[in-house]
There are 2 protein chains.
Amino acid sequence: MAKNLESIPRKSGRGGKAIARLLDAGVDAFARYGLEGIATRQLAKAAGVNVAAIAYYFGGKEGYYLAVVRHLVQERAKPVRDLIERIRGELSASRESPETSARLLLQLLQDLAVTIMLKHDAVAIASIFSREQLRPTDAFDVIYEGVIQPMHQLVSQLVAQATRKPPDAPETIIRAHALLGQVFLFRIAGTTLCRRLGWKHITKARAEHIANIIAEMACRAVGLDFRQIDSENTGGRDET
Amino acid sequence: MAKNLESIPRKSGRGGKAIARLLDAGVDAFARYGLEGIATRQLAKAAGVNVAAIAYYFGGKEGYYLAVVRHLVQERAKPVRDLIERIRGELSASRESPETSARLLLQLLQDLAVTIMLKHDAVAIASIFSREQLRPTDAFDVIYEGVIQPMHQLVSQLVAQATRKPPDAPETIIRAHALLGQVFLFRIAGTTLCRRLGWKHITKARAEHIANIIAEMACRAVGLDFRQIDSENTGGRDET
DNA sequence: AAATATAAAACAATCGATTGATTAAATCAA
DNA sequence: TTGATTTAATCAATCGATTGTTTTATATTT
């Protein structure tokens, strides 16, 4: 459908302003309303550019949407990819043991949970991604291969080492999926949680509280005692 | 917006056919494509009725959507509500103990997981609900109060008794949310799981396998040994 | 001057909603 | 049970508004 899946025109550096404004505005708008939920005219107005710019730079609405998702994954999701890289580095640096893996798993899930509940870009990723789950477009592959698959694989590896099972066993991957999903869930189903708890928003303190509980349940789920790991982790910075 | 939020006209029993056909077609269509993702003409064609019937019976597209959700929750979600009622009955019939609560929690999550992954109506509920989570409309309240809140409350109660904590404590509710969310997640994020596992669909056998793993993790998460509970549960019908 | 970028206007297509006419059914007087 | 009248339901045709896209013209930069 989209005309130019290659690179964006930008023959000279002067149209970069409009492109950048469109990409920025698109992240917010598409995350909030979805591809079909917002009109090109509103998108252009939000970006402060003319409607024709969408077709001019991206070939159309679909190409624009795809470019926004690509931008979101490649540029804005850096903190998430850094997190993956950090844990992966620590994993290869330490000797392999269930305790180490569990500790890293705990760290990863905790950090990811807070990031996904609070960080603006992560919220956008989660929103678009959950929409793409229900009705996948080309954008699904971009997000999946860009952030989901690496994350999923890393968690699977940590789960495998923590439970002493093969990392490619269906059981291991299903477990990893459940753990990762828990984290995403507090973003996707935040409305329900807030209603149940009488909250209006999820503040920073609340997000950290939730992250601790998630981490604890995750550790128990892979068969290890949370307190042991947590006390040697950051000196027991929390006790829920 | 919608004209008549009260009852549907249906002055005589003759128009019931059209209404029923519209409600049936609407469940599928709205679950698949969302409110904005499908046109009234397609909806009418799918139902085999004239476009004007939508405005005639429901006052408009929004009223139609709301009626579909109401129908879905009130009529089609009966198996889910029956499940809640069954567990609730068994809970009040047995004496209060962490073991009993954990066993019931396991049963509930296991049955719910299979239902939500396989049963057609439950899939529709999960799809519409997850959409309403991201961008709530009036339909959110209908689903929330009809099935989510009762389910959430019951799980909270079971978690509270299993962990010997107050049922209205934030920690308890957050735990319940995570457990319930895990189950929903395998429906919402089934695309990712299937891709990771090289599956095309989630078959009955696979759904039951997943349900077992979820139940095991849930039991561990609330601090009990899965094997003890499962062996006294249904005579060890599964061993993953 | 040539290439690139922006802007306003117009494009065909589709959206949800409505119209007036027609058909089917129910109601009631005889 | 009739036949006349009213009500309910269905239909094709059409409404104005809005959709994504395109065109045409103008401005800016190289």
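The legends below accompany close-up views of a predicted model.

**View 1. Domain 1 and domain 2 of chain A.** The domain assignment divides chain A into domain 1, residues 16–74, and domain 2, residues 77–231. Taken over C-alpha atoms, the centres of domain 1 of chain A and domain 2 of chain A are separated by 29 Å. Contacts between them involve twelve residues of domain 1 of chain A and 13 residues of domain 2 of chain A. On the side of domain 1 that touches domain 2, two or more residues are given by each of α1 (16–33) and α4 (61–76) of chain A. The largest share of this side comes from α4(A), with seven residues. By residue type, the side of domain 1 of chain A comprises eight nonpolar, two polar and two charged residues.

**View 2. The side of chain B that touches chain A.** Here 37 residues of chain B are in contact with 37 residues of chain A. The elements of chain B that give two or more residues to this side are α7 (120–134), α8 (138–163), α9 (170–188), α10 (190–197) and α11 (204–221). Helix α9(B) provides the largest share, eleven residues. The residues on the side of chain B divide into 18 nonpolar, twelve polar and seven charged.

**View 3. Helix α8 of chain A and its kink.** Helix α8 of chain A covers residues 138–163 and holds 26 residues. At 1.5 Å a residue, the helix should span 38 Å, and its end C-alpha atoms lie 35 Å apart, which agrees with that expectation. A kink of about 50 degrees occurs in α8(A), centred on Tyr144(A). Arg164(A), with a positive phi near 55 degrees, follows α8(A).

**View 4. The loop between α8 and α9 of chain A.** Both Arg164(A) and Pro166(A) are located in this loop. Arg164(A) is not a glycine, yet its phi is positive, at about 55 degrees. Most residues other than glycine have a negative phi. Arg164(A) counts as exposed because 10 other C-beta atoms lie within 10 Å, and the limit for an exposed residue is 12 or fewer. Pro166(A) is likewise exposed, with 11 C-beta neighbours inside 10 Å. Apart from neighbours within four places in sequence, Pro166(A) is in contact with Ala160(A) and Thr172(A). The C-alpha atoms of Pro166(A) and Ala176(A), residues ten apart in sequence, are 12 Å apart in space.

**View 5. Arg164 of chain B.** Arg164(B) lies in the loop between α8 and α9 of chain B. Its phi is positive, about 55 degrees, although Arg164(B) is not a glycine. With 10 other C-beta atoms within 10 Å, Arg164(B) is exposed.

**View 6. Model confidence along chain A.** The mean pLDDT of chain A is 88, with 87% of its residues reaching 70 or more. Among the helices of chain A, confidence is highest in α2 (residues 40–47), at a mean of 97, and lowest in α12 (residues 226–231), at 57. Over residues 1–7 of chain A, pLDDT stays under 50, and the model has eleven contacts beyond four places in sequence for this stretch. Residues 234–240 of chain A also have pLDDT below 50, with seven contacts in the model beyond near neighbours in sequence.

Definitions and conventions:
Residues are numbered from 1 along each chain as its sequence is written. Chains are lettered from A and ligands numbered from 1 in the order in which they are written. This is a predicted model: local features need pLDDT of at least 70, side-chain atom pairs count only at pLDDT 80 or more; totals for chains, interfaces and linings use all residues. Domain bounds come from an automatic or database domain assignment. Two residues are in contact if their C-beta atoms, placed from the backbone, lie within 7 Å. Helices (H or I, at least four residues) and strands (E, at least two) are DSSP runs, numbered from the N terminus. Ala, Val, Leu, Ile, Met, Phe, Trp, Tyr, Cys and Pro count as nonpolar, Asp, Glu, Lys and Arg as charged, and the others, Gly among them, as polar. pLDDT is the predictor's confidence in each residue, from 0 to 100. The expected span of a helix is 1.5 Å times one less than its number of residues. The bend at a residue is the angle between axes fitted to the seven residues ending there and the seven starting there. A residue is buried if 20 or more other C-beta atoms lie within 10 Å of its own, exposed if 12 or fewer, and partly exposed in between; C-beta atoms are placed from the backbone.
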